[in-house]
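Q: I have a protein model open and I'd like to go through it with someone, piece by piece. Could you help me read it?

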Amino acid sequence: MGHKYCDANTTKVQIVRVQMIFLLILNQIAMGIRYDCELKVTGTRYVGDGKGLSSTLITLFRRQVVDILKPEHDDYYLLRWLRARNWNPEAAEKMLRDSMKFRERWNTDEIAKWPTPQILLDYSPHGVSGYDKEGSPIIIIPFAGFDIWGLLHSVSRADIIRMTMQALEGYMQLAYEQSKKTDNPNSRQFVVVFDMDNFNLKQYIWRPASEVVISLIKMYEANYPEILKCCYIINTPKVFAFAYNMVKKFLGEYTIDKIRIYKPDRNKWLPSILERCDADQIPAYFGGTQTDPDGNPKCEKKICWGGKVPKELYTSKEDSFNNNLTFTETEIRKGSKLKMTFDCEDAGCFLKWEFRTFDHDIKFGVKCVNKKTEESIIEVPLKRVSSHQVDESGFITCQPGCTYHVLFDNSYSYFKTKKIRYSVVMTAPLSDVEQTMAPIAITEETVPENESTED
């Protein structure tokens with residue numbers, strides 16, 4: 001039997017991993033507990049038992065992921081990923097690397113420059129009212145003002161995701177600046193107050209709305225670990241329990257443990273909030289003493305309360321296609337697939353898509369294949385989308401030397417041919433005026449009946 005030899009770099013990686021696991025075990029023994037230890041923070045040095053084992057663990061973790069780190073990624077940043085994966089260094093490394101790929105695809109480092117649609121600025125309920133006793137931002141979210149139905153009829157799902165990322169990145173920058181002022185790393189976490197007064201479950205039964213909410217939760221959990229200090233969900237109606245049980249399965253334990261849920265009883269939730277936050281940092285509407293200069297207790301100068309999106313701002317089906325893109329209308333037969341292939345030759349290209357089906361949903365996904373290594377990466381997981389209820393659109397950043405396969409899949413349908421109108425193009429960077437289309441090959445396949453599943 002032959003032996004498999006490792007090169008020097010592989011051996012170094014294995015040694016570092018063994019060292020990390022050994023130190024992790026020592027740290028757990030010293031703490032007297034398993035995988036749920038809390039680290040004390042002193043400046044930028046983290047210790048679990050006073051012996052510096054945790055600090056050494058972070059140092060080793062840094063070596064493991066040094067190839068993807070940036071100058072601003074300090075020990076506290078690394079600590080977030082280790083905590084989120086219960087101090088499992090390999091799981092933390094995978095989480096961090098996956099997140100870096102996600103940030104590259106969405107160009108998150110430049111998200112602050114994205115021109116947020118005005119309708120999202122006016123109707124997305126959130127804002128910072130002040131800071132808790134450790135200097136952490138207090139984010140107020142009057143959730144009843146989140147008209148997901150109206151927003152999805154006015155902007156794309158991708159716009160809502162980008163807006164959420166933009167808000168999170170902005171809050172993280174604010175919290176980082178606070179930590180410099182307070183000289184306390186704990187200031188880099190948020191305190192969040194969700195007001196569920198007048199919460200209406202009906203619009204979230206609509207599939208596109210529930211899909212967006214779940215997508216946002218998954219994005220947050222996968223890419224923003226340990227930024228939450230405490231979350232107060234107040235004024236919850238009876239139907240909230242049903243909704244929470246649905247989304248809870250997508251939340252990590254490290255998030256769930258920080259959530260406090262209260263019924264509409266101010267005598268219960270207000271004292272809990274005031275234990276952490278001074279009254280002058282909480283709007284008077286919620287029992288604090290803070291008001292706008294004009295006396296408004298809702299502090300609408302700081303907090304957007306959202307509201308119902310006027311129907312005149314809805315984008316009609318005709319308007320959604322009134323742009324510079326070229327659309328194709330076709331039918332995908334039952335048991336068939338529509339495939340498109342794009343070759344990316346230059347750095348900084350984007351693959352953009354917008355489509356709508358008529359009467360029925362469709363499966364959609366994007367796969368990237370490296371021409372040299374033949375490595376395959378799933379850019380957009382293949383899944384059924386409700387594009388017959390709301391337009392589906394999005395984009396990804398492409399890598400040179402790769403082929404991108406776009407798939408509309410109707411193989412699961414025995415009886416229904418799907419009519420679709422779509423535009424899928426590969427463009428040059430930031431080409432907002434002219435669309436430069438890359439070479440494209442389109443094929444339609446009929447899948448054998450034994451591979452299909454009925455609608």
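This is a predicted model: local features need pLDDT of at least 70, side-chain atom pairs count only at pLDDT 80 or more; totals for chains, interfaces and linings use all residues.

Q: What share of the contacts is between residues 24 or more positions apart?
A: Among contacts in the chain with a separation of 6 or more, 75% are of that kind, and a contact here means heavy atoms within 4.5 Å.

Q: Now the sheet. In what order do the 6 strands of the open sheet come?
A: The order is β7-β6-β5-β4-β3-β8, and the pairing is mixed; two strands pair if DSSP finds at least two bridges between them. The edges are taken by β7 (259–261) and β8, each with a single partner strand, so one side of each has no neighbour in the sheet.

Q: Which helix packs on that sheet?
A: That is α12, which touches β5 (190–195) and β6 (228–234), and its direction makes about 160 degrees with that of β6. Axes are lines fitted to C-alpha atoms, for helices over the stretch in contact, and angles run from 0 to 180 degrees between N-to-C directions.

Q: Are β3 and β4 parallel or antiparallel?
A: Strand β3 (residues 126–131) and strand β4 (residues 137–142) are antiparallel, with 4 bridges, and Gly127 stands opposite Ile140, while Val128 faces Ile139 across the pair. The two strands form a hairpin with 5 residues between them, and Gly135 in the turn has a positive phi of about 95 degrees.

Q: And what about β4 and β5, parallel or antiparallel?
A: Those two run parallel and are joined by 5 bridges, with Pro142 opposite Asp195 in β5.

Q: Which residues of β4 are buried on each side?
A: Pro137, Ile139 and Ile141 are buried on one side, and Ile138, Ile140 and Pro142 on the other. In a regular strand the side chains alternate between the two faces of the sheet.

Q: Switching to helices, how many residues of α3 are buried?
A: In helix α3 (residues 75–84), 9 of the 10 residues are buried, so the helix is largely enclosed by the rest of the structure; Tyr76 and Trp81 are among those buried. Asn86 follows α3 and has a positive phi, near 50 degrees.

Q: How do α3 and α4 cross?
A: Their axes come within 8 Å and cross at roughly 115 degrees, and residues making the contact include Tyr77 and Trp81 of α3 and Met95 and Leu96 of α4.

Q: Where is Thr116, and is it buried or exposed?
A: Thr116 lies in the loop between α4 (89–106) and α5 (118–123), and Thr116 is buried, with a relative accessible area of 16%. Its side chain makes a polar contact of 2.4 Å with that of Gln166, a term for a pair of N or O atoms within 3.5 Å where, within protein, one must be able to donate a hydrogen and the other to accept it, and residues adjacent in sequence count only if both atoms are side-chain atoms.

Q: Last one: where does Gln281 sit?
A: Gln281 is in the loop between α12 (266–276) and β8 (303–304), and the C-alpha atoms of Gln281 and Ser129 are 6.1 Å apart although 152 residues separate them in sequence. A polar contact of 3.4 Å also joins the side chains of Gln281 and Asp280.

Methods: Residues are numbered from 1 along each chain as its sequence is written. Side-chain values use heavy atoms; hydrogens and water are left out. Buried means under 20% relative accessible area, exposed over 50%, partly exposed in between (1.4 Å probe, protein chains only).
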